[in-house]
Amino acid sequence: MKALQIGLAGLGVIIGILFIAALVVFDRGPETYVYKQNRIPKRFIQQIIELKLIDDSEQVKYFYSDGFINIDEGMYFITNKKIVLYSKDWHEPAENILFDDINELIVEYNKAWMDDSWVYVSTNDFDYEFPLSSERKGDKSFVKYLQSKLKEDVPVEIIHLSDEETNE
């Protein structure tokens, strides 16, 4: 009986340690919404600077990461000069899209809280796509800012997916 009590106490300690470790890991990871400029954690901006993704004259306006623990697993942000897409797992980790290079924008807004909206950006050289969380309407704020930076003749298509379309 005493061995069972010791075993259960040991198991309780292990579960407690794992729970505390999980809290620490999740506390350091990114939130699930799009951050506005004045709400982006300083540690994220510092990491962006260390990765040389922006220059001194740039300000990050909106930021989203679908990374689980660290933002370098996938981050998408817009500055006063460009859109930056980054993942440490890509062959070329960073993609910079200047506003003047964009010749088409398509946005698929998703109403389902678990699913991200998607932004499709075309340039003369490449087509890009990236997710944005619909939580707190951050996707709409990001896209509204992006639209304000595009040339007037750039075609923009907005698609609103219904809940039925997202569940298929």
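# Reading contacts, burial and rings

Trainee: Leaving aside neighbours within four places in sequence, which residues is Trp90 in contact with?

Mentor: Contact just means heavy atoms within 4.5 Å. By that rule Trp90 meets Tyr76, Leu85 and Glu95, once neighbours within four places in sequence are set aside. Bear in mind that this is a predicted model, where local features need pLDDT of at least 70, side-chain atom pairs count only at pLDDT 80 or more, and totals for chains, interfaces and linings use all residues. Numbering starts from 1 along each chain as its sequence is written, and side-chain values use heavy atoms, with hydrogens and water left out.

Trainee: Where is Trp90 found?

Mentor: Elements here are DSSP runs numbered from the N terminus: helices (H or I) need at least four residues, strands (E) at least two. Trp90 belongs to the loop between strand 4 (82-86) and strand 5 (94-98). Its C-alpha is separated by 9.5 Å from that of Glu73, and the two are 17 residues apart along the chain.

Trainee: OK, zoom out for me. How many helices and strands does the protein chain have?

Mentor: Four helices and nine strands. Going from the N terminus, the order of elements is α-β-α-β-β-β-β-β-β-β-α-β-α. Of the 168 residues in the protein chain, 38% are buried. Take the contacts between residues at least 6 apart in sequence: 46% of those join residues at least 24 apart.

Trainee: What does the side chain of Glu58 reach?

Mentor: A polar contact is an N or O pair within 3.5 Å; within protein, one atom must be able to donate a hydrogen and the other to accept it, and residues adjacent in sequence count only if both atoms are side-chain atoms. The Glu58 side chain gets to the backbone nitrogen of Asp55 at 2.8 Å, and it also has a polar contact with the side chain of Lys82 at 3.4 Å. Glu58 is placed in the loop between helix 2 (42-50) and strand 2 (60-65), yet its relative accessible area is 8%, so it is buried. Not counting residues up to four places away in sequence, Glu58 touches Leu53, Thr79, Asn80, Lys81 and Lys82.

Trainee: Now the rings. How many aromatic pairs does a search of the whole structure find?

Mentor: Phe, Tyr and Trp rings (for Trp, the six-membered one) pair if their centres lie within 6.5 Å; planes under 30 degrees apart are stacked, over 60 edge-to-face, the rest tilted. The search turns up eleven pairs. Take Tyr62 and Phe142: their ring centres are 6.4 Å apart and their planes at 55°, so this pair is tilted. It links distant parts of the chain, with Tyr62 in strand 2 and Phe142 in helix 3, 80 residues apart. Both Tyr62 and Phe142 are buried. Ring pairs also join Tyr62, Tyr64, Tyr76, Phe130, Phe142 and Tyr145 into a cluster.

Trainee: Which residues of helix 3 are buried?

Mentor: Gly138, Asp139, Ser141, Phe142, Val143, Tyr145 and Leu146. As for length, the expected span is 1.5 Å times one less than the number of residues. Helix 3 (residues 138-149) has twelve residues and covers 17 Å from first C-alpha to last, close to the expected 16 Å.

Trainee: What does Lys140 lie over?

Mentor: A charge sits over a ring if NZ of Lys or CZ of Arg is within 6 Å of the ring centre and within 35 degrees of the ring normal. Lys140 lies over the face of Tyr109, 4.2 Å from the ring centre. Arg136 does likewise with Tyr33, at 3.9 Å from the ring centre.

Trainee: Last one: what is the phi of Lys137?

Mentor: Positive, about 60°, although Lys137 is not a glycine. Lys137 is in the loop between strand 8 (127-132) and helix 3, and at 59% relative accessibility it counts as exposed. Lys52 also has a positive phi of about 60° without being a glycine. That residue is in the loop between helix 2 and strand 2, and Lys52 counts as exposed at 71% relative accessibility.

Methods
Buried < 20%, exposed > 50% of the residue type's maximum accessible area, 1.4 Å probe, protein only.
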